[in-house]
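This report is meant for a reader meeting the structure for the first time.

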Amino acid sequence: MSFHSSLSTLQFPSLLSKTRNIRGDKKQAAVSVSSRFRASTDIPDYLSADWLESRRKRPFGPRLNFSAEEAVQHQLDALKYNDQPRPDYGIEVMYRFAGFDPFERSTYFGPFFDLGQFERFRRIFHHSTYRVLLGHRERKILSSLLVKENKFKQRVWIRGTRPEEEEIFQFTMVQRVGGSWDGYWLTESLLNDGDAFAGGLAY
């Protein structure tokens, strides 16, 4: 389309004068009304109509705007309401925040475990002292420490739903530098202060 033809499609404002009464007075006032410019071509829409809604429904996990403290808080909240909106949803959230390589054995829980499969990760929460976190009734932050610019530790006391069920856990959060997770805080480890696997663990 030539420059001349595109200009010809624009509607320049036309000034119209009309009169109206002001507060019932007989005085007349002139009002200028102008039409809007109309673009000669439509602006392409590269996003689908349901894009925003789909973003809201995406699985909950790490966000670029979360601080280290907020990342820990969201994980603990997810575990407190573990079975909402579905069974073990809170553990799913923990798995999304986990910063280990699924193709290598990890010390996320202390000992070297193969956590590449979610089911193995889930079982540790159900068959060890980590189960106190699921649906816990009370928690208290004992200490927080920014070890270095991209490493943060927080110790949390947890009271579970069973009688006299109390444990202390330490989160180690690491902020990734480079790659697709650049700037995100992910969980390097979640350690129990005691001997979490004293009774063995068939995972």
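A crossing of two helices is called left-handed if the near helix is turned anticlockwise from the far one by less than a right angle, and right-handed if it is turned clockwise. Helices (H or I, at least four residues) and strands (E, at least two) are DSSP runs, numbered from the N terminus. The model is a predicted one, in which local features need pLDDT of at least 70 and side-chain atom pairs count only at pLDDT 80 or more, while totals for chains, interfaces and linings use all residues. Residues are numbered from 1 along each chain as its sequence is written, and side-chain values use heavy atoms, with hydrogens and water left out.

**Helix packing**

Axes are lines fitted to C-alpha atoms, for helices over the stretch in contact, and angles run from 0 to 180 degrees between N-to-C directions.

| Helix pair | Axis distance | Crossing angle |
|---|---|---|
| H3 (residues 68-80) and H4 (residues 89-97) | within 7 Å | roughly 155° |
| H4 and H5 | 10 Å | about 120° |

Angles under 35 degrees count as roughly parallel, over 145 as roughly antiparallel, 65 to 115 as roughly perpendicular and the rest as oblique. H3 and H4 are therefore roughly antiparallel to each other, and their crossing is left-handed. Contact means heavy atoms within 4.5 Å, and this one is made by Ala71, Gln75, Ala78 and Leu79 of H3 together with Gly90, Ile91, Val93, Met94 and Phe97 of H4. The residues of the contact divide into 7 nonpolar, 2 polar and no charged, where Ala, Val, Leu, Ile, Met, Phe, Trp, Tyr, Cys and Pro count as nonpolar, Asp, Glu, Lys and Arg as charged, and the others, Gly among them, as polar.

The angle of about 120° between H4 and H5 makes H4 oblique to H5, and the crossing of H4 and H5 is right-handed. Here Ile91, Glu92, Met94 and Tyr95 in H4 meet Phe118, Phe121, Arg122, Phe125 and His126 in H5, a contact whose residues divide into 6 nonpolar, 1 polar and 2 charged.

H4 is mostly covered, with 7 of its 9 residues buried; buried means under 20% relative accessible area, exposed over 50%, and partly exposed in between (1.4 Å probe, protein chains only). What covers the buried residues of H4 includes H3, H5, S5 and S6.

**The nonpolar core**

A nonpolar core is a set of buried Ala, Val, Leu, Ile, Met, Phe, Trp, Tyr and Cys residues joined through side-chain atoms within 4.5 Å. The largest one has 34 residues, and those with the most contacts inside it are Tyr108, Phe109, Phe121, Phe125, Tyr130, Leu133 and Leu190. Its largest share, 6 residues, comes from H3. Not counting residues up to four places away in sequence, Phe125 touches Leu79, Ile91, Met94, Phe109, Tyr130, Arg131, Leu133, Leu134 and Leu190.

Thr187 lies in strand S6 and, at 0% relative accessibility, counts as buried. With residues up to four places away in sequence left out, Thr187 touches several residues, including Gln75, Phe97, Tyr108 and Phe171.

His136 is placed in the loop between H5 and strand S3 (138-148), and at 2% relative accessibility His136 also counts as buried. His136 and Leu76 are 60 residues apart in sequence and 9.0 Å apart in space, C-alpha to C-alpha.
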